[in-house]
Structure formats: C-alpha cells, structure tokens
Amino acid sequence: MNTLKTFEEHLSDFFEKFDDLSGRYDHTINNCSELEILIDDYSKFITNESNKEAWEQLEREESSDFFNQLVVGLRKKSALCVAIMEKYRAFKLQNGNVEMTDYFQNIESCIEKEFGSFRVTSKSKVLLVGSGSFPMTPLLIAKRTGAEVVGVDIDDEAINLGRNVVERLGAGLNIRLEKTLVENLDYIKDVTHIIFSSTVESKYDILDQLHILTNENVVVAMRYGDQLKSLFNYPSREVDGQKWRQVEKILRPDHVFDIALYKKA
Ligand SMILES: C[S@@+](CC[C@H](N)C(=O)[O-])C[C@H]1O[C@@H](n2cnc3c(N)ncnc32)[C@H](O)[C@@H]1O
C-alpha cells in the first residue's frame, strides 16, 4: 500500500513540475535545462518495470476521481512540455549548439523500425501528423530512404522553428512542413505512409477521417502508449473495423511509446 502511495505522490510531483515549467515558457531557452532533466526523469519513470507493477496494481483497484484526473492532466502537461522541449532544441540549434538528451536518443533510436515490414523506399511519400519544432522523424526518414516527407502541425511557432531546423540539417532532402489540416492537403491521395505523433490528442479521430481521403494501399503508423505509458502518450483506441484493420503491433519496452500499424480493412 505504501508503494502505491509513493507512486501517486511521484505522479503529483511530476504534474506540479510540468505545470510550473510549461507556465514559465517565454519563447527563449530560459528553463531549458530544468525541463530537459524533468523529461529525462519522466521517460525513465515511464519505462521502469517496478512502476509498471504499481500501475497494474492501481488498475486492479477502484481508482479515485483524483487519480483519474491526475492521469489526464499529466498526459496533457507532459505532451505540452515535450513540444516545448523541441522548441528549446530548435533554439539551441539556431545558436549552433546540437546535443542529444536521453529523451531524443530514445525517440531517434526507433525511427528505423517505425513501419515494421512495410518499408519506406525512395518512391514513398510520407506524411507526419504533428511534426513539431524539431522534426527529427522527417529528417531521419528522408535522409535514410530518400522518400518525400511532408509534416503538418497546428502550431505556427513549431512550423517556423521546424523549417529552420530542416534548412540547417536537411539540405537537399525532400521535406516540407505545413500548417494545415490533413483534409486540405491536395496530394493526400498520393501518400503511401502516414505517421501520427503520439502526443496528438485527436489522432484517432484524424485516422477515421483519413479513410476516405487516402488511397487503398496506405500504411499508418500510430504511435501510442497504453497502461503506464499512457501517462506520457495518448493511448490506443478501437478503430472502426469497416475502415481500418491493425496489421502489426511494435511493442518496445524500453521506449516511451509503442506503434500500431493499420491498413485499410
Ligand atoms: C512535439 S511533437 C512530439 C513528437 C513526439 N516525438 C511524438 O511522437 O509525439 C507533437 C506536435 O504535435 C502537434 N499537434 C498536436 N495536435 C495536432 C493536430 N491535431 N494536428 C497536427 N499537429 C498536432 C503539436 O503542436 C506538437 O508540435
């Protein structure tokens, strides 16, 4: 029982820190180191086996309204802080400083396996929903495969910073970033692979909407996190079986998110 209390206390503590640091974001790199340390600690917490047990035990018990609200709040605040951390990384690159935190290493080490057996080739056209301020997924995919990559985001600052990063790190690569909704992309029918960022809250609604807009062979990689990982990711959801079918699940215990692959039903 004591362990559980400690687990909840840890969560409250993380929530307060995320809330404080996101509130202090001022479009400069002030507070950058504090946030990096917090996100690295949180990533370790999310992938820690003993916390997994504490989570499972809590799930078996009747969870309180307080706990449920804490989980929802943590998911939202940590997503916001990850987006801010990408902004810090983009600002630092502008100042000539490129370094890797554990969080970014964790994300980047897995991009190659994103589509499982549905490989991206130089002829592919990849769409990333939620490209962020430091678009490492488009950069790595375009660099390693030669594919055309389009990233969309709803945040103006993320698009501007992201373009700057691509200009600096992706010279000659076929990458475009746009602030637009997927239904307004006129080449959406040509897209062969789609990736959803895990921290896009409406990702399953957008997937549903994409069914009619996309071609028959499209492959979708949905990043998600269930159970303990749902503290840092929007979780998986049932899809409309008339529209999409799950064809592969890529579970990665040491990573902050997992991946579900969908094709048209
Ligand atoms: C910072 S990135 C995080 C990338 C991280 N590697 C992941 O997989 O979640 C997430 C981005 O998604 C964007 N975003 C959130 N909701 C969105 C939506 N409905 N459509 C497009 N982008 C969205 C945010 O503005 C943010 O820049």
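What I am showing is a predicted model, in which local features need pLDDT of at least 70 and side-chain atom pairs count only at pLDDT 80 or more, whereas totals for chains, interfaces and linings use all residues. Residues are numbered from 1 along each chain as its sequence is written, and side-chain values use heavy atoms, with hydrogens and water left out.

Let me start with the ligand. With that definition in hand, a polar side-chain atom of S202 is found 3.4 Å from a nitrogen atom of the ligand. R223 also contributes a polar side-chain atom, which lies 3.0 Å from an oxygen atom of the ligand, and for S198 it is a polar backbone atom that has a ligand oxygen at 3.0 Å. On its own the ligand has 590 Å² of accessible area, and the protein covers 88% of this; such areas come from the Shrake-Rupley method with a 1.4 Å probe, and for residues only the protein chains shown count as cover.

Which residues come nearest to the ligand? There are 18 residues around the ligand, and those that come nearest are G130, D153, S198, T199 and R223, where being near requires that one of the heavy atoms of a residue lies within 4 Å of the molecule. By kind, this shell divides into 8 nonpolar, 6 polar and 4 charged residues. In that count, Ala, Val, Leu, Ile, Met, Phe, Trp, Tyr, Cys and Pro are nonpolar, Asp, Glu, Lys and Arg are charged, and the others, Gly among them, are polar.

S198 belongs to the loop between β4 (193-196) and α8 (203-213), and here helices (H or I, at least four residues) and strands (E, at least two) are DSSP runs, numbered from the N terminus. Is S198 buried or exposed? With a relative accessibility of 4%, S198 counts as buried, a word that stands for under 20% relative accessible area, while exposed stands for over 50% and partly exposed for anything in between, using a 1.4 Å probe and protein chains only.

S230 sits in the loop between β5 and β6, and its relative accessibility of 5% makes it buried. The side chain of S230 reaches the backbone oxygen of Q227 at 2.6 Å. Q227 itself is in the loop between β5 (219-224) and β6 (244-250), and at 45% relative accessibility Q227 counts as partly exposed. Although Q227 is not a glycine, it has a positive phi of about 45 degrees.

Another positive phi belongs to N31, a residue other than glycine, with a value near 75 degrees. N31 lies in the loop between α1 (2-23) and α2 (32-46), and at 19% relative accessibility it counts as buried.

Why is helix α6 described as largely enclosed by the rest of the structure? The reason is that 7 of the 10 residues of α6 (residues 136-145) are buried, namely M136, T137, P138, L139, L140, I141 and A142. Just after α6 comes G146, whose phi is positive at about 80 degrees.

I will finish with two pairs that are separated along the chain. V120, in the loop between α5 (102-108) and β1 (125-129), is buried with a relative accessible area of 11%, and its C-alpha atom is 8.5 Å from that of T192, although the two are 72 residues apart along the chain. D258, in strand β7 (residues 258-264), counts as buried at 8% relative accessibility, and 12 Å separates its C-alpha atom from that of G116, 142 residues apart along the chain.

Conventions:
A polar contact is a pair of N or O atoms within 3.5 Å; within protein, one must be able to donate a hydrogen and the other to accept it, and residues adjacent in sequence count only if both atoms are side-chain atoms.
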